[in-house]
Amino acid sequence: MPLPRTPGTALRQRLAELRGPEVPAKALDARALAALAANPGCRRRAILDGAGVDKTALASALGSPSAFGQSQFALTRGNAFEAKVKADGGAELLRLVHERLDRAAEPPTEAEVPDLTAIGPEGRTARTALALREATETGGWTLLDHPILALDVAGSPAFLEPDAVVVHPDGSWTVVEIKSFPMLDGSADPSKVGAAARQAAVYVLALEEVAARLEQAPKVRHRVLLVCPKDFSNLPTASAVDIRKQRAVTARQLARLTRIQDIADALPDGTCFAPDLPADELTAAVESVPATYAPECLSACELAFHCRDRSRAAGAVTSLGRSVRAELGGLTTVEEVLAASRGEAGDPDDPAVAALRRAAELRAEALGVTACR
């Protein structure tokens, strides 16, 4: 007689069925989590990421291939720079941490670099937690190279791999992000720094969960170290980045995510997102999950082109941007907006309808003056 399935086991089996029985799961990384937290109302992305669906392959199968992602050249360059930063047991990296974040501590002349190898992500997560606890009790400098952290996301665990975590002599923990974009005259591209800060905020949240399980919870620093090439060279330089705002926003958005179990339960029986399914069947499966498209998705989600086409076809005002959508209140389609502006529909007491009609009058007046001239 088979053992009864626990809720967690049942959910994992259900997600595997959605992904496809022969399709391996794609790991959910910090970049995807940061993008997911930026659009918490998108149930489609939540279930696809929770089930480990490869959205790049899915977008290609739907006929809307994605241009999102890093080039192979950028990945190779980034890996080479990271190896340079971590050479000699991370001596240069620890020097930068000491210089930018902890000048009061003893210089890191000697540091521990524990072995974090283990079987599977769960094993590596447990090994990382053990290494963090031991390093905190030791009271010296410790560098954890590519540790694995677990973060609960909408009822499903996500395994995250920061570039490095440093344990200070006082027992506090610092997240280190290593990027290949340059710092010119001590500053980098604000948009790229912001993206790195959002990723680091996800790692900080995961570290806080590890710290909370210890008897005396160590401090997880909210100033992370961003390491980049200096000017146009390959020499590393660093900057301390305060991610308290990004951490608060990410925590709030992740808490608002609809539970993956609830989304999965609402799907029709037999729903599957395997990319090798017939195009019409795959399209129907994807469209069975509501999406919340916004132009910002183009730089953060592999399915953005597909969702944009569907949003435009439906005349949804969300395709014009979140700020426009917020201003229009209960008017959800472009057709409704145009009808309200012409006085054919809408409540005249609605501020959005009144503003649209006033704008239409001003436009007609301006065009009339131009025609007379």
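This report describes the helix packing and the nonpolar cores of one protein.

The model is predicted: local features need pLDDT of at least 70, side-chain atom pairs count only at pLDDT 80 or more, and totals for chains, interfaces and linings use all residues. Residues are numbered from 1 along each chain as its sequence is written, and side-chain values use heavy atoms, with hydrogens and water left out.

**Overall picture**

The protein has 15 helices and eight strands. Both are DSSP runs numbered from the N terminus: helices are H or I with at least four residues, strands are E with at least two. The C-alpha atoms fill a box of roughly 80 × 70 × 40 Å, taken along the principal axes. Of the 373 residues, 42% count as buried. Buried means under 20% relative accessible area, exposed over 50%, and partly exposed in between, with a 1.4 Å probe and protein chains only. Contact means heavy atoms within 4.5 Å. Among contacts between residues at least 6 apart in sequence, 64% join residues at least 24 apart.

**Helix pairs**

Two packed helices are described by the angle between their axes and the distance between the axes. Axes are lines fitted to C-alpha atoms, for helices over the stretch in contact, and angles run from 0 to 180 degrees between N-to-C directions.

| Pair | Axis angle | Axis distance |
|---|---|---|
| α8 (residues 190-212) and α9 (residues 244-256) | about 70° | 9 Å |
| α5 (residues 72-85) and α6 (residues 87-101) | roughly 90° | within 6 Å |
| α2 (residues 30-38) and α3 | roughly 155° | within 10 Å |

Angles under 35 degrees count as roughly parallel, over 145 as roughly antiparallel, 65 to 115 as roughly perpendicular and the rest as oblique.

Take α8 and α9, whose axes pack at about 70°. That angle makes α8 roughly perpendicular to α9. The crossing is right-handed. A crossing is right-handed if the near helix is turned clockwise from the far one by less than a right angle, and left-handed if anticlockwise. From α8, the contact uses A197, R198, A201, V202, V204, L205 and E208; from α9, it uses Q246, R247, T250, A251 and L254. These residues divide into seven nonpolar, two polar and three charged. Here Ala, Val, Leu, Ile, Met, Phe, Trp, Tyr, Cys and Pro count as nonpolar, Asp, Glu, Lys and Arg as charged, and the others, Gly among them, as polar.

Next come α5 and α6, which cross at roughly 90°. That makes α5 roughly perpendicular to α6. A83, K84 and V85 of α5 meet A87, G90, E92 and L93 of α6.

α2 and α3 are roughly antiparallel to each other. α2 passes α3 in a left-handed crossing. A32, A35 and L36 of α2 touch R45, A46 and D49 of α3. Four of these residues are nonpolar, none polar and two charged.

**Helix α3 and the cores**

Helix α3 spans residues 43-51 and is mostly covered, with eight of its nine residues buried. I47 is one of them. Just after α3, G52 takes a positive phi of about 75°.

A nonpolar core is a set of buried Ala, Val, Leu, Ile, Met, Phe, Trp, Tyr and Cys residues joined through side-chain atoms within 4.5 Å. The largest core has 68 residues; L33, I47, L151, W173 and F273 touch the most other members. Its largest share, twelve residues, comes from α8. I47 touches L15, L18, I260, I263, A264, L267 and V289, not counting residues up to four places away in sequence. A second, separate core has 17 residues, including L94, L143, A164 and A238.
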